[in-house]
Amino acid sequence: SMPSDSDVAQVLYDLISERKFVKDCQLFIRPHFGYNNDIEKFSEFLGKPGVVIDHYNNPSKGFSDHWDYSKEHMNHFLNTLRHTDVVLSTASTICLDAAALGLPHILLAFDGQSKKPFYADIERWYECNYFQEFIRFKSDLIARDYKSLIESINTLLLEPKLLEKNQSQVCERFCHRVDGKSGERLFNVLKDICAE
């Protein structure tokens, strides 16, 4: 969740309305449910044609972050991703979800219409060791301004499998296995530790 998310969404909406992409598109906005009221950033898009805002969230009071850890929420999230042509995110682990599902992904590395100093800029999030290692695999396109965002979206709409090999490599590095059994493996390790 970044303060500039609604600015980027507005530009995307305008570009879609002006048919600047090689295919007809719609905008699906998924607020970051870990932040209180993040959905309010996108209130201006309610009811706009071709825009869907994800409201599917049932926060759990049983966890300190109030995240919705239900199986229904996980299935909704994965179903949403599966039916997305191009995924965009900002310094998020969604890049790994997209890679695991073989979905074209774009990392947003700019702050909407304004240029901010480095300490407040989105690009600073990509300077950490985790993202430096991730970016090394070139499993995503990186949009550093609106021009490169348009080019990246059009490229991936035309060539949805462009990053597939790199995504497979990044999954080997970061995910170990993409077989749906990570939770089971973690449980077995913890069970063995507790049995000792």
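Residues are numbered from 1 along each chain as its sequence is written, and side-chain values use heavy atoms, with hydrogens and water left out. Since the model is predicted, local features need pLDDT of at least 70 and side-chain atom pairs count only at pLDDT 80 or more, while totals for chains, interfaces and linings use all residues.

**Exercise 1. Describe how the ring of Phe 131 pairs with Tyr 130 and with Phe 134.**

Step 1. A pair of aromatic rings is described by the distance of the centres and the angle of the planes. Rings of Phe, Tyr and Trp (its six-membered ring) pair if their centres lie within 6.5 Å, and planes under 30 degrees apart count as stacked, over 60 as edge-to-face and the rest as tilted. By this rule the count comes to eight aromatic pairs.

Step 2. One of these joins Tyr 130 to Phe 131, with 5.0 Å from centre to centre and 80 degrees between the planes, and is therefore edge-to-face.

Step 3. Phe 131 also pairs edge-to-face with Phe 134, at 5.9 Å between the centres and 80 degrees between the planes. Both Phe 131 and Phe 134 belong to helix 4 (residues 129-135), where they are three residues apart, about one turn of the helix; helices (H or I, at least four residues) and strands (E, at least two) are DSSP runs, numbered from the N terminus.

Step 4. Buried means under 20% relative accessible area, exposed over 50%, and partly exposed in between (1.4 Å probe, protein chains only). Phe 131 counts as buried because its relative accessible area is 4%, whereas Tyr 130 is partly exposed because its value is 28%. Phe 134 is buried, as Phe 131 is.

Step 5. Ring pairs link Tyr 126, Tyr 130, Phe 131, Phe 134, Phe 137 and Phe 174 into a cluster.

**Exercise 2. Which residues of helix 3 are buried, and against which elements do they pack?**

Step 1. Helix 3 (residues 94-101) has Ile 94, Cys 95, Leu 96, Ala 98 and Ala 99 as buried residues.

Step 2. With contact meaning heavy atoms within 4.5 Å, the buried residues of helix 3 pack against helix 2 (71-82), strand 3 (87-89), strand 4 (105-108), helix 4 and helix 6 (164-174).

Step 3. After helix 3 comes Gly 102, whose phi is positive, near 70 degrees.

**Exercise 3. Where do Lys 138 and His 176 lie, and are they buried or exposed?**

Step 1. Most residues other than glycine have a negative phi. Lys 138, however, has a positive phi near 55 degrees, and the phi of His 176 is also positive, about 70 degrees.

Step 2. Lys 138 is in the loop between helix 4 and strand 5 (141-143), and counts as exposed because its relative accessible area is 59%.

Step 3. His 176 is in the loop between helix 6 and helix 7 (182-195), and counts as exposed because its relative accessible area is 55%.

**Exercise 4. How many residues does the largest nonpolar core have, and which have the most contacts inside it?**

Step 1. A nonpolar core is a set of buried Ala, Val, Leu, Ile, Met, Phe, Trp, Tyr and Cys residues joined through side-chain atoms within 4.5 Å.

Step 2. The largest has 25 residues, and those with the most contacts inside it are Leu 27, Ile 29, Phe 45 and Leu 149.

Step 3. Helix 1 (5-17), strand 1 (27-29), strand 2 (51-53), strand 4 and helix 5 (146-158) are the elements that give two or more residues to this core, and helix 1 gives the most, with seven residues.
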